[in-house]
Amino acid sequence: MRLPLNLTVATTFGLAGILSLAAASLTATVIEDASKSGVETALAKEGLGWAEVYTEGLNVFIAGTAPTEAERFLARSAAGGVVDSARVIDNMNVEAIAALAAPEFSIEILRNDAGISVIGLIPEKGNKDGILARLSRLTTSQQSLANFMETADYAVPKTWPAAVQFSLAALEDLPRSKISITANEVAITAMAESAEQRRDLELQFRDDKPRDVALTLDISSPRPVITPFTLRATLEDGELKFDSCSADTEASQARILDSAKAAGLTGKADCAIGLGVPSPRWVDASVASLDALTKLGGGTITLTDADVSLVALEGTEPALFDRVVAQTEKELPEVFALHATLPMVLEDGESAAPEFIATLSPEGLMQMRGKLGSAVSQTTIDSYAQARFGSDNIYDATRVVETVPDGWMTRVMTGLDSLALMSNGAITVSEGTIELTGRSGRQDIGAKVSQLLSQRLGETEQFKLDVVYDERLDPLANIPTPEECVARLKAAQSVSKISFEPGSGTLDSAAAPLMDAIALILDDCGELPLEIQGHTDSQGRESMNQALSQSRAQAVLAALRERRVLTSSLVAKGYGEASPIADNDTEEGREANRRIEFVLAQPAVAAQTDAENDKNSVETSEEPLDNKDDPVNEGASNDTEAPQEQKQQ
């Protein structure tokens, strides 16, 4: 039976459609496979193994995480070189870009008579308002505070708060200054009112600077007023020695020292630069005087303001002396007056001449012997010496003679005044001269003594000086560093231990010698920011151990205060059982853990006052100056009875 024509046509078209779909599907699969394979090959050739390829129809998808944006672009380009770029679908990610490095935070503060200006970049949590409030307190109603600080949202560097607080505290003492602050360094440029203040400030800042923060100091001071303007030099055996040297400018200083070297000066010498020069031609007078010494072959030259005293050596030829004196008078500027002396050789028997000798021992004991003109003079000199050196330190072996030279009392008292400037030494007063020998902790001792003798005795008097600066006697140069002080405290406790009554915060009587030694160390160290830490073993309840350790730390602080130690920079804090240094399972370990430690405190901790110590309040700060209120732990009082379980502490 033959099929109808319509059905035949429909069947034919249906079969053709099915065959077309099958062919299209097969073609698409072939294209997908070829595209994927080609792209994968291109990516592998570029070393982009992280990229993943899959296809869907004519579209080529690239996935994966590219290490950088550049490699992501390279993957797209490689795929676009194989298939039409319009068919490439980018499903790639890029690894997270590393966080940007924090900027270097810094502040520069300028302070002068007009006010304060501050500029810089600080952390957003760096307490900008607190800094401005503190700076504002340093300005008056007539002064301005200019703020150019910006903030950035990055973590606060660990040492940044301490550096800022130290700088703000230093600024309070520096009305004319510039302070540059970074987290790791503070640079201070300032003007002090005097050389003494400059030295004190430098010492103070070096003691107060935070650990792990470098400090650069450039503190200048105005030139001191030198009164009288003095130059004194002695030439003997071809060697010239300065007892005192003054100059008005650096150029004058250089000329004087060059002339001194030509005359026989060896080693290091200094010439103080200051105000008060009696004449702009001081340097010419100084050089001419030193040249006169060279021509004479020896002697002493003393310039006191406009008076010049030249004393030749005994035995100098009179003709040479006259010639040098005449030439020097012509070379000296008009305002300077020359007084020249040629000593006569003493004859035998002159040893009976009046003489007064005083010696000062390193312990401060002073002995006097020699001749005085009357009983009244003897009483006066004895009283004067007691006033200068202490009534219990004088041994008077002077005696009264019938006659002494005019002005003898003045010479003896001047000699005692000059000896009082020494740490130890001796003064010999005779008719012809005053001789002073000794050691001192003052760097300017030679100039100081020369000025004193010149003022008191006059320009024609002779004196010989053999005084030296001894750094070991300098109270400022020998103040130990905070680290040295802590080391000395640890050494003292390594010999014996601060002991307490069992289970109590009361010091044992056996601890007194060690507390005396610790007090002496702290007296030498000055005001040192220390945390007195109390520690216990782990026996008993933790809260009781905490209270006991606080009580013991407070007891040590109170004992130091009783010994008149300055405690304004000391803080007492108990740590209980939290910081053992040995095994608490053994008796030896527990004994080691029951201890008192002295640790350098950060500025925020050291700022606690005595009043707070009296209340047993202790500031604790893991990060100094984090611009938050420090937590406060209330310590237990010393007379609190410890519970039975604490009796072994």
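**Entry 1: the sheet**

I began with an open sheet of five strands, which runs in the order S11-S10-S14-S15-S16 with mixed pairing. Strands here are DSSP runs of E with at least two residues, helices are runs of H or I with at least four, and both are numbered from the N terminus. Two strands pair if DSSP finds at least two bridges between them.

I then looked up the edges: strand S11 (239–244) and strand S16 (337–341) each pair on one side only. Neighbouring strands of the sheet are turned against each other by 15 degrees on average, direction ignored. Axes are lines fitted to C-alpha atoms, for helices over the stretch in contact, and angles run from 0 to 180 degrees between N-to-C directions.

The model is predicted: local features need pLDDT of at least 70 and side-chain atom pairs count only at pLDDT 80 or more, while totals for chains, interfaces and linings use all residues. Residues are numbered from 1 along each chain as its sequence is written, and side-chain values use heavy atoms, with hydrogens and water left out.

**Entry 2**

I checked strand S14 (residues 299–304) against strand S15 (residues 307–312) and found antiparallel pairing over six bridges. In this pair, threonine 304 stands opposite aspartate 307 in S15.

Helix H6 (residues 250–263) touches strand S10 (230–236) and S11, and the direction of H6 makes about 145 degrees with that of S11. Helix H8 (residues 318–331) also packs on the sheet, where H8 touches S15 and S16 and its direction makes about 170 degrees with that of S16.

**Entry 3: disulfides**

I searched the whole structure for disulfides and found two. A disulfide is a pair of cysteine sulfur atoms within 2.5 Å.

One joins cysteine 245 to cysteine 271, with an S to S distance of 1.9 Å. Cysteine 245 lies in the loop between S11 and strand S12 (246–247), cysteine 271 in the loop between H6 and strand S13 (272–273), and they are 26 residues apart. The link is left-handed, with -70 degrees about the S-S bond. Both cysteine 245 and cysteine 271 are buried, that is, under 20% relative accessible area with a 1.4 Å probe, protein chains only.

A disulfide also joins cysteine 485 to cysteine 525, S to S 1.9 Å. Why do I call this one left-handed? The torsion about the S-S bond of cysteine 485 and cysteine 525 is about -115 degrees, so the disulfide is left-handed. Cysteine 485 sits in helix H12 (residues 482–495) and cysteine 525 in helix H13 (residues 512–525), 40 residues apart.

Definitions and conventions. Contact = heavy atoms within 4.5 Å. Buried < 20%, exposed > 50% of the residue type's maximum accessible area, 1.4 Å probe, protein only.
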